[in-house]
Amino acid sequence: VDQVATAINRMADILERMEGPQGQGQGQGQAQPVGQVGGEDRALERFQKFNPPTFLGGSDPEVAEMWLERITDIFSALDYTEDRQISFASFQFEGPARAWWNMVRTKWEVEMLPRTWPRFLREFNDKYLPPIVQERREEAFSRCRQGSQSVAEYETQFTKLARYAPDLIGTEQRRIRKFIRGLNVELQEGLATTRVQTFGEAIEMAQRLESAKALVKNFQAKRKGGPGGSRGPGESSAPPLKYGRGTSSGGTVGTPRGAMSRGGVTRGNQMSGSAGGRGPPRTNTRKSTS
């Protein structure tokens, strides 16, 4: 009896799931799983905590750029799916922007186009950014390189400019390749032997390589600057000079041995009979013998 009751309950659950979306014919609204509705509500609540700005539309490209930049930054922190990003971004449209989005959404449904974030960006740019502005942003994105920036700074600039050229990064792999090509050569070489599946992995690996190279550089600098490894500023690398024989440490420095004679006069002055010597050199005469 227990087995039969269990089987009946399972069949009832299956039938309920199958007939749930079609219950409108009997006056019941379209049902959605409770977990999905609760998850959507929590996701929207998290999104609203960032105070996303609303967008009314208009002809000022700077206003559109600022709104899109803020929305993109929020989605970067939340890591939502593309469909959810489109739903929450369009939720912030008001007035003329809302009317425009309703037309775009209807067109997508009639043409059965997939709801992707690059397609949303393309529609938004075509509507609110003049062609000359888009061309300048696309050129800036094509020239985007790391240079003297850190990986984090380069990623911020890359993401900021990428929204103006969605066709250049239409897939995840194209986005990853474009990001890696803009890194410095030593980081590109480090990532050449690794398999990167997501854009987040590419950023993380690049930052790890950057940190490792910085540690190696600091270690080498410490070795050069350690005891006996380098000299302080102003110190010469030449060997210390020697003092002459019979002179103190405060005497003449660098005088060759034997160069000082009695009275502080050099032997060369004695031989030449200069004014500083004691007189003409002595002559050695022998007594004649008878």
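Predicted model: local features only at pLDDT ≥ 70, side-chain atom pairs only at ≥ 80, totals over all residues.
Visitor: What share of the residues in the protein is buried, and what share of its accessible surface belongs to carbon and sulfur atoms?
Guide: The protein has 290 residues, and the buried ones make up 24% of them. Its accessible surface comes to about 21,000 Å², and the share of that surface belonging to carbon and sulfur atoms is 52%.

Visitor: Among contacts between residues at least 6 apart in sequence, what percentage joins residues at least 24 apart?
Guide: This value looks at contacts in the protein between residues at least 6 apart in sequence, and asks which of them join residues at least 24 apart. The percentage is 57%.

Visitor: At what angle do helix 5 and helix 6 pack, and is helix 5 oblique or roughly antiparallel to helix 6?
Guide: Helix 5 covers residues 96–111 and helix 6 covers residues 117–128, and their axes lie 12 Å apart at an angle of about 135°. Since roughly antiparallel would need an angle over 145 degrees, helix 5 is, at about 135°, oblique to helix 6.

Visitor: Which residues of helix 6 make the contact with helix 5, and in what kind of crossing does helix 5 pass helix 6?
Guide: Helix 5 passes helix 6 in a right-handed crossing. On the side of helix 5 the contact is made by Pro96, Ala97, Trp100, Trp101, Val104, Lys107 and Trp108. The residues of this contact divide into nine nonpolar, no polar and four charged. On the side of helix 6 the residues are Arg119, Phe120, Glu123, Phe124, Lys127 and Tyr128.

Visitor: Is serine 90 buried or exposed, and which residues is it in contact with beyond its neighbours in sequence?
Guide: Serine 90 has its place in helix 4, which covers residues 82–90. Because its relative accessibility is 6% and the cut-off for buried is under 20%, serine 90 counts as buried. Leaving aside neighbours within four places in sequence, the residues in contact with serine 90 are Arg98 and Trp101.

Visitor: Is helix 8 roughly parallel or roughly antiparallel to helix 11?
Guide: Helix 8 and helix 11 pack with their axes 10 Å apart, at an angle of about 150°. Because an angle over 145 degrees counts as roughly antiparallel, helix 8 is, at about 150°, roughly antiparallel to helix 11.

Visitor: How do the residues of the contact of helix 8 with helix 11 divide?
Guide: From helix 8 the contact takes Val151, Ala152, Glu155, Phe158 and Thr159, and from helix 11 it takes Phe199, Ile203, Ala206, Gln207 and Glu210. These residues divide into six nonpolar, two polar and two charged.

Visitor: What is the relative accessible area of threonine 159, and which residues is it in contact with?
Guide: Threonine 159 is found in helix 8, residues 151–162, and with a relative accessible area of 13% it is buried. Leaving aside its neighbours within four places in sequence, threonine 159 is in contact with Thr72, Ser76 and Phe199.

Visitor: Which residues of helix 9 are buried?
Guide: Helix 9 covers residues 172–181, and what covers its buried residues includes helix 7, helix 8, helix 10 and helix 11. The buried residues themselves are Ile176, Lys178, Phe179 and Ile180.

Visitor: How does methionine 205 count in terms of accessibility, and what does it touch?
Guide: Methionine 205 has its place in helix 11, residues 199–224, and at 26% relative accessibility it counts as partly exposed. Not counting residues up to four places away in sequence, methionine 205 touches Leu191, Thr194, Arg195 and Val196.

Visitor: What phi does asparagine 51 have, and what phi does aspartate 79 have?
Guide: Most residues other than glycine have a negative phi. Asparagine 51, in the loop between helix 2 and helix 3, is exposed with a relative accessible area of 63%, and aspartate 79, in the loop between helix 3 and helix 4, counts as exposed at 68% relative accessibility. Neither residue is a glycine, yet phi is positive in each, at about 55° for asparagine 51 and near 60° for aspartate 79.

Methods
Residues numbered from 1 in each chain as written. Heavy atoms only, no water. Axes fitted to C-alpha atoms, helices over the stretch in contact; angles between N-to-C directions. Helix = DSSP H or I, 4+ residues; strand = E, 2+ residues; numbered from the N terminus. Parallel < 35°, antiparallel > 145°, perpendicular 65-115°, else oblique. Left-handed = near helix turned anticlockwise from the far one by under 90°. Contact = heavy atoms within 4.5 Å. Nonpolar A, V, L, I, M, F, W, Y, C, P; charged D, E, K, R; others polar. Buried < 20%, exposed > 50% of the residue type's maximum accessible area, 1.4 Å probe, protein only. Areas by Shrake-Rupley, 256 points an atom, 1.4 Å probe, with all protein chains shown as cover.
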